[in-house]
Amino acid sequence: MHDVVIVGGGNAALCAALMARETGASVLILEASPKEWRGGNSQHTRNLRCMHDAPQDVLTEAYPEEEFWQDLLKVTGGETNEKLARLVIRASSNCRDWMRRHGVRFQPPLSGALHVARTNAFFMGGGKALVNAYYRSAIALGVEVRYDTPVAEVEMDGDKFEAVVTEGGERIPGKACVLAAGGFESNREWLREAWGRNDEGEWPADNFLIRGTRFNQGVLLKYMMRAGADTIGDPTQGHCVAIDARSPLYDGGICTRIDCVSLGVVVNRLGERFYDEGEDFWPKRYAIWGRLVAQQPGQIAYSIIDRTVVGRFMPPVFPGVTANSLPELAAKLNVPVETFVRSLDSYNAACRPGAFDHTILDDCRTEGLEPPKTHWARPIETPPFYGYALRPGITFTYLSLKVDDTAAVRFADQPSPNLFVAGEMMAGNVLGKGYTAGVGMSIGTAFGRIAGTRAAAAAMGRTVPRSNIDGRH
Ligand SMILES: Cc1cc2nc3c(=O)[nH]c(=O)nc-3n(C[C@H](O)[C@H](O)[C@H](O)COP(=O)(O)OP(=O)(O)OC[C@H]3O[C@@H](n4cnc5c(N)ncnc54)[C@H](O)[C@@H]3O)c2cc1C
């Protein structure tokens, strides 16, 4: 029997496996995907958000604990747990040397990376290289990995973990277990149930695309909920970005994002604008647009720009629809021409002269327009014009198993002695709603490491002083 069984094969699972193995436990990873698709959503990532009090290798200036915390407080609207959030923040300040020891390399951000050079450390080769490095290191240390092994059940004796049972019916016992099997973002049925029907009688989730892995079906989240584990969060909350409507259903990754929203206007399929495209810097707003598009009829919208802004944003992977006049663009996009042209004409007429500067909250804004565009508002009048159809792209869901700083799964508010959880399966403890770029990996790394250390200790009958793993040392 293994000391620690780890379910999942992404960042949180690998951090847990490495920590458990480093403390001497025997470790088995059970990953649902085939080897070539290993690494879940983590393989699509680029960076993690890190606290630092002074410039550090790839990170410029300082990003102190208080600023990170205030950023998190703002985006979540207070729907976060301060103690756990601060634990993640502090842990993000000292995890990179450990990551490097396991083969992860960092690089300065490339252009078009949402202006996060100060706050976020970028992985050389992206998340795919990170998970490959972790797998290599884990296997070299003697961690066993089984691919194509989706786990269907978790056998418990009261609150004590006994074994997992695979989809194929195999029972795999362990002395302790870490669940790190992602959210339920890839489960379209569950998304449908969570989002329900809108006033038009549509099922919005039918039009969602999944930006990451197809393997995060939420099977174990649901299983643990039924088994009475404590949960936290709203099933409709998550990270949801507006992505190119032509993206594949799964695994489109970051290149399907459309980053020109704040440089133009967005209309729905009726040809009407519906939100302030220039409300704030794009890195602070990109994660609300998936939800905004999800609330529009048909769950589709169109980002419209003209030639003047080409080259000012990361080019999307697919070329936009182009036209030499606004009516022609509307017709090509299949949007009612008259309403579309009226929306664009009203917008153009409402733009006040100002000094355009996309790197600050500039004074180019509309006047007398509803909804307004508060920054970077310049008339869209120079052909060719471009249109990109947008769909909601789900990154990950926030409904989670509830934890405290030990990462233990809880039943009736009591921690299990040997069942732990990390990553997206518990990220909702910190992220009730909203998002700040790079914090998903910060949460998974912090809690993966805690869960692995505690699972190993539980398996080997040791106690773990909290200061060793809560990021305060
Ligand atoms: C396109 C994209 C870009 C992103 N970019 C960033 C970024 O730059 N920075 C950042 O911080 N976050 C980013 N995120 C979010 C980030 O991916 C997650 O927060 C993080 O990877 C979660 O790690 P995890 O280990 O919990 O989940 P995952 O990496 O998704 O791993 C879950 C694993 O569980 C496995 N699994 C699922 N069900 C089962 C089962 N029943 N049995 C066995 N195995 C199972 C899956 O195969 C998968 O390997 C991005 C996400 C996407 C989709």
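Two strands count as paired if DSSP finds at least two bridges between them. The model used in these exercises is predicted.

**Exercise 1.** Find the bridge partner of Gln-107 in S5, then place the strands in their sheet.

Solution.
Step 1. Gln-107 has Phe-122 as its bridge partner in S5.
Step 2. S4 and S5 (residues 120-123) are joined by two bridges, in the antiparallel sense.
Step 3. The sheet is open and has three strands in the order S3-S5-S4, with antiparallel pairing.
Step 4. S3 (47-49) and S4 (106-107) are the edge strands; each has a single partner strand, so one side of each lacks a neighbour in the sheet.

**Exercise 2.** Describe how helix H10 and helix H11 cross, and state which residues make the contact.

Solution.
Step 1. The axes of H10 (residues 326-333) and H11 (residues 337-350) come within 9 Å and cross at roughly 130 degrees.
Step 2. Angles of 65 to 115 degrees count as roughly perpendicular and those over 145 as roughly antiparallel, so H10 is oblique to H11.
Step 3. The crossing is right-handed.
Step 4. H10 contributes Leu-326, Pro-327, Ala-330 and Ala-331 to the contact, and H11 contributes Val-337, Phe-340, Val-341 and Leu-344.
Step 5. By class, the contact residues are eight nonpolar, no polar and no charged.

**Exercise 3.** Characterise the shell of residues around the ligand.

Solution.
Step 1. The ligand is surrounded by 44 residues, of which the closest are Gly-10, Gly-40, Gly-212, Gly-423 and Gly-440.
Step 2. Elements giving two or more residues to this shell include S3, H1 (11-22) and H7 (219-226).
Step 3. H12 provides the largest share, four residues.
Step 4. The shell divides into 17 nonpolar, 23 polar and four charged residues.

Terms used. Residues are numbered from 1 along each chain as its sequence is written. This is a predicted model: local features need pLDDT of at least 70, side-chain atom pairs count only at pLDDT 80 or more; totals for chains, interfaces and linings use all residues. Axes are lines fitted to C-alpha atoms, for helices over the stretch in contact, and angles run from 0 to 180 degrees between N-to-C directions. Angles under 35 degrees count as roughly parallel, over 145 as roughly antiparallel, 65 to 115 as roughly perpendicular and the rest as oblique. A crossing is left-handed if the near helix is turned anticlockwise from the far one by less than a right angle, and right-handed if clockwise. Two residues are in contact if their C-beta atoms, placed from the backbone, lie within 7 Å. Ala, Val, Leu, Ile, Met, Phe, Trp, Tyr, Cys and Pro count as nonpolar, Asp, Glu, Lys and Arg as charged, and the others, Gly among them, as polar. A residue is near a molecule or strand if its C-beta atom, placed from the backbone, lies within 6 Å of it.
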